[in-house]
Amino acid sequence: MKQIIIPVLLLFALLLNSCCDKEENNPNPSMTINCAALEDGLIFGNEDAIEMEINELCQNYPPVPTTDDEIGHQENLDSIIFELTNQCQGFVTELGCYACLNSFPTQSTIIFTLDSAGVEVKRSIRLRTPENEFMTYR
């Protein structure tokens with residue numbers, strides 16, 4: 001009986017440890033976006049409000065270069081758009097382009113479709129998309 005208990009306890013400890021590691025190593029924890037501030041910023045052209053919300057969101061996504069994406073932000077940009085879409089019901093968010101604007105560093109765009117007093121408004125923002133750094137607005 002003692003011979004069975006020790007391997008079972010070791011197996012249980014290994015399983016418990018592996019479950020905990022997955023939660024602690026989550027590189028993209030969700031954060032709460034102030035959707036109203038972002039929406040107002042987009043409608044009224046308040047660059048500071050847009051910058052604050054977008055840059056705070058971008059800080060959850062460090063670059064992860066791959067063989068298919070040397071810059072390392074394509075999945076990050078998709079995740080940011082996913083978070084904006086899921087958390088903010090006042091507007092529609094879609095990818096404009098990824099690292100398509102040739103500047104230093106390259107820039108990506110996100111397109112927002114909003115309703116302003118019954119009028120559809122489209123806004124586009126640019127994100128700096130540098131290698132080895134977080135993306136940022138402006």
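A: Below we take confidence, then a loop residue, a helix pair and a strand residue.

Q: What is the average pLDDT of the chain?
A: This is a predicted model, and the chain averages a pLDDT of 86. A score of at least 70 is reached by 79% of the residues.

Q: And where is the pLDDT below 50?
A: Over residues 21–28. In the model that stretch has five contacts beyond near neighbours in sequence. Where pLDDT is low, the predicted coordinates should not be read in detail.

Q: OK, next topic. Where is aspartate 69?
A: Aspartate 69 sits in the loop between α3, residues 47–58, and α4, residues 74–87.

Q: Is aspartate 69 buried or exposed?
A: Buried: the relative accessible area of aspartate 69 is 8%, and the cut-off for buried is under 20%.

Q: What does aspartate 69 touch?
A: Leaving out residues up to four places away in sequence, aspartate 69 touches Val64, Gln74 and Tyr98. With tyrosine 98 there is a side-chain to side-chain polar contact of 2.7 Å. For glutamine 74, the backbone nitrogen lies 2.9 Å from a polar atom of the aspartate 69 side chain.

Q: Switching to helices. At what angle do α2 and α3 pack?
A: Helix α2, residues 35–44, packs against α3 at an angle of about 140 degrees, and their axes are 8 Å apart. That makes α2 oblique to α3, because angles count as roughly antiparallel over 145 degrees.

Q: Which residues make that contact?
A: From α2, Ala37, Leu38, Gly41 and Leu42. From α3, Ala49, Ile50, Glu53 and Ile54.

Q: Left-handed or right-handed crossing?
A: The crossing of α2 and α3 is left-handed.

Q: Last one: where does serine 108 lie?
A: Serine 108 is in strand β2, which covers residues 107–116.

Q: Is serine 108 buried or exposed?
A: Serine 108 is buried, with a relative accessible area of 0%.

Q: What else does serine 108 touch?
A: Not counting residues up to four places away in sequence, the residues touched by serine 108 include Leu77, Cys97, Tyr98, Ile125, Arg126 and Leu127. Tyr98 is also among the residues that aspartate 69 touches.

Note on methods:
Residues numbered from 1 in each chain as written. Predicted model: local features only at pLDDT ≥ 70, side-chain atom pairs only at ≥ 80, totals over all residues. Heavy atoms only, no water. pLDDT = per-residue confidence, 0-100. Contact = heavy atoms within 4.5 Å. Helix = DSSP H or I, 4+ residues; strand = E, 2+ residues; numbered from the N terminus. Buried < 20%, exposed > 50% of the residue type's maximum accessible area, 1.4 Å probe, protein only. Polar contact = N/O pair within 3.5 Å; in protein donor to acceptor, adjacent residues only side chain to side chain. Axes fitted to C-alpha atoms, helices over the stretch in contact; angles between N-to-C directions. Parallel < 35°, antiparallel > 145°, perpendicular 65-115°, else oblique. Left-handed = near helix turned anticlockwise from the far one by under 90°.
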